[in-house]
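Hi,

Here is the structure I promised to pass on. Have a look at it first, and then read my notes below.

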Amino acid sequence: MGKKGILLVNLGTPDSPKTADVRKYLDEFLMDGRVIDVNPVLRTLLVKGIIVPFRGPKSAKIYKEIWTEQGSPLLIYGKNVKNAIADRLGEDYHVELAMRYQSPSIPDALERLKQAKVDSIKVIPLFPQYASASTGSVHQLVMEIVSQWQAIPSISFVNSYYDHPGMIKVFADNTRKYLDEGWDHILFSFHGVPQRHMRKADVSGEHCLKVKDCCKTLTENNKFCYSAQCHQTAKLIAEELNLSDDKYSLCFQSRLGNDPWMQPYTSDVLKELAGKGVKRILVLCPAFVADCLETLFEISFEYQEEFEELGGEKVQLVESLNDNPAWIDALEDIILNKN
Ligand SMILES: C=CC1=C(C)c2cc3[nH]c(cc4nc(cc5[nH]c(cc1n2)c(C)c5CCC(=O)O)C(CCC(=O)O)=C4C)c(C)c3C=C
Ligand SMILES: [Fe+2]
Ligand SMILES: [Fe+2]
């Protein structure tokens, strides 16, 4: 019998923080029709004509701030997790790590699984919540590639694990370490997506952004809604920490462009909290399994600065799952038990 193939996939990061590499990364990322989901001509004009030329140098500056001697944190944690889970699963498994954009690429990782003559492939996106722009894009590309193979092995795709008890517990345990430092409020800041993506993911066509508080609870109608899955993750972590409803709130960061994104925006919530006299905020980012530009810079630097200007004092990031051994336990359970 051959081995079982496991393909772990995260979003991607530039090969280096040089402007040319950041532009290459942004170009591949934002030309994805599941990310900028407008007609191809408009997308090409927007991405190649405006976003990449102007955002490239700005993003490169930020990447330089978070870059380490070993490279981009997102990739370093990805490699550590891949090695740890491969050790854990042992001889019967062949584990590969890929990035949806840039390297290591999905085509190369799939080729290695093919060369290893695996009997099956299980695709595990490193995104706890399903979004068309993240998990959907990974699954689409894997399907496109594997559909061209002569011999197609058994293949399965994990949609999400927003409520996995082991994962929830790692976020909660990471938070507990800070709790006795006296925080006025706890924020769950998730990466946002445009509201248009929420409408498209509504399998009923009658729920998301149409019903009051549409995504605050998870139902049959919104089970693939990224926002509903984010709310559920936050609720479960809050329950694990025994937080009362008034002690925490949820918000969405990283908006790009002028279209409305999922709300409330993190910046607006910071403004509101500062207005109420809140001084010290603890922030969790449970859309990310690893610390990356969005947490290390956006939360710890940009939102810290914004909050200070509003009269606040401290925005403290709770570290992500990274290569925490308890996360490896949870991931092992996801690999072995999730369909
Ligand atoms: C958690 C899952 C993610 C979703 C969903 C997602 C959607 C999404 N993102 C952009 C635009 C950008 N995102 C950027 C960085 C980035 N995004 C995610 C994850 C999700 N994005 C991660 C893990 C990262 C960090 C990568 C790293 O190298 O550390 C960036 C690049 C940085 C910047 O210039 O700000 C952009 C741009 C859109 C438009 C979108 C959905 C439509
Ligand atoms: Fe993003
Ligand atoms: Fe929804």
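Glu294 sits in helix α10, residues 293-309; helices (H or I, at least four residues) and strands (E, at least two) are DSSP runs, numbered from the N terminus. Before going on, the ground rules: residues are numbered from 1 along each chain as its sequence is written, and chains are lettered from A and ligands numbered from 1 in the order in which they are written. This is a predicted model, so local features need pLDDT of at least 70 and side-chain atom pairs count only at pLDDT 80 or more, while totals for chains, interfaces and linings use all residues.

**The annotated site**

His191 belongs to strand β5 (residues 185-191). Buried or exposed? His191 is buried, with 25 other C-beta atoms within 10 Å, and Glu294 is buried too, with 21. The cut-offs: 20 or more other C-beta atoms within 10 Å of a residue's own is buried, 12 or fewer is exposed, and in between is partly exposed, with C-beta atoms placed from the backbone.

Leaving out residues up to four places away in sequence, His191 touches Gln253, Ser254, Ala287 and Glu294. Contact here means that the C-beta atoms of two residues, placed from the backbone, lie within 7 Å.

**Around ligand 1**

Ligand 1 is surrounded by 22 residues, and the closest are Thr13, Ser59, Ala131, Cys292 and Leu293. To count as near, a residue needs its C-beta atom, placed from the backbone, within 6 Å of the molecule or strand in question. By class, the shell has 14 nonpolar, 6 polar and 2 charged residues. For the classes, Ala, Val, Leu, Ile, Met, Phe, Trp, Tyr, Cys and Pro count as nonpolar, Asp, Glu, Lys and Arg as charged, and the others, Gly among them, as polar.

Which helices supply at least two residues each to that shell? They are α2 (40-66), α5 (132-146) and α10. The shell also draws at least three residues from each of domain 1 and domain 2.

**Two domains**

The domain assignment gives domain 1 as 4-161 + 325-337 and domain 2 as 165-317; such bounds come from an automatic or database domain assignment. Taken over C-alpha atoms, the centres of domain 1 and domain 2 are 23 Å apart. Their contact takes 24 residues from domain 1 and 23 residues from domain 2. On the side of domain 1 that touches domain 2, the elements giving two or more residues are α2, α3, α5 and α11. Of these, α11 gives the most, with 5 residues. That side of domain 1 has 16 nonpolar, 4 polar and 4 charged residues.

**Helix α3**

Helix α3 (residues 73-89) has 17 residues and reaches 24 Å from its first C-alpha to its last, close to the 24 Å expected at 1.5 Å a residue; the expected span is 1.5 Å times one less than the number of residues. Pro73, Leu74, Leu75, Tyr77, Gly78, Val81 and Ile85 are buried in α3. Their cover includes β1 (4-12), α2, β2 (93-101), α10 and α11 (325-337). After α3 comes Gly90, with a positive phi near 80 degrees.

Most residues other than glycine have a negative phi, and most peptide bonds are trans. Here are the spots to check.

- Ser103 and Pro104 are joined by a cis peptide bond with omega about -5 degrees, and Pro104 lies in the loop between β2 and α4 (106-115).
- Gln102, in that loop between β2 and α4 as well, is not a glycine but has a positive phi of about 70 degrees. Gln102 is partly exposed, with 18 other C-beta atoms within 10 Å.
- Gln263 and Pro264 are joined by a cis peptide bond with omega about 5 degrees; Pro264 is in the loop between β6 (248-253) and α9 (266-275).
- Asn322 is not a glycine either, and has a positive phi of about 45 degrees. Asn322 is in the loop between β8 (314-317) and α11.

Cheers
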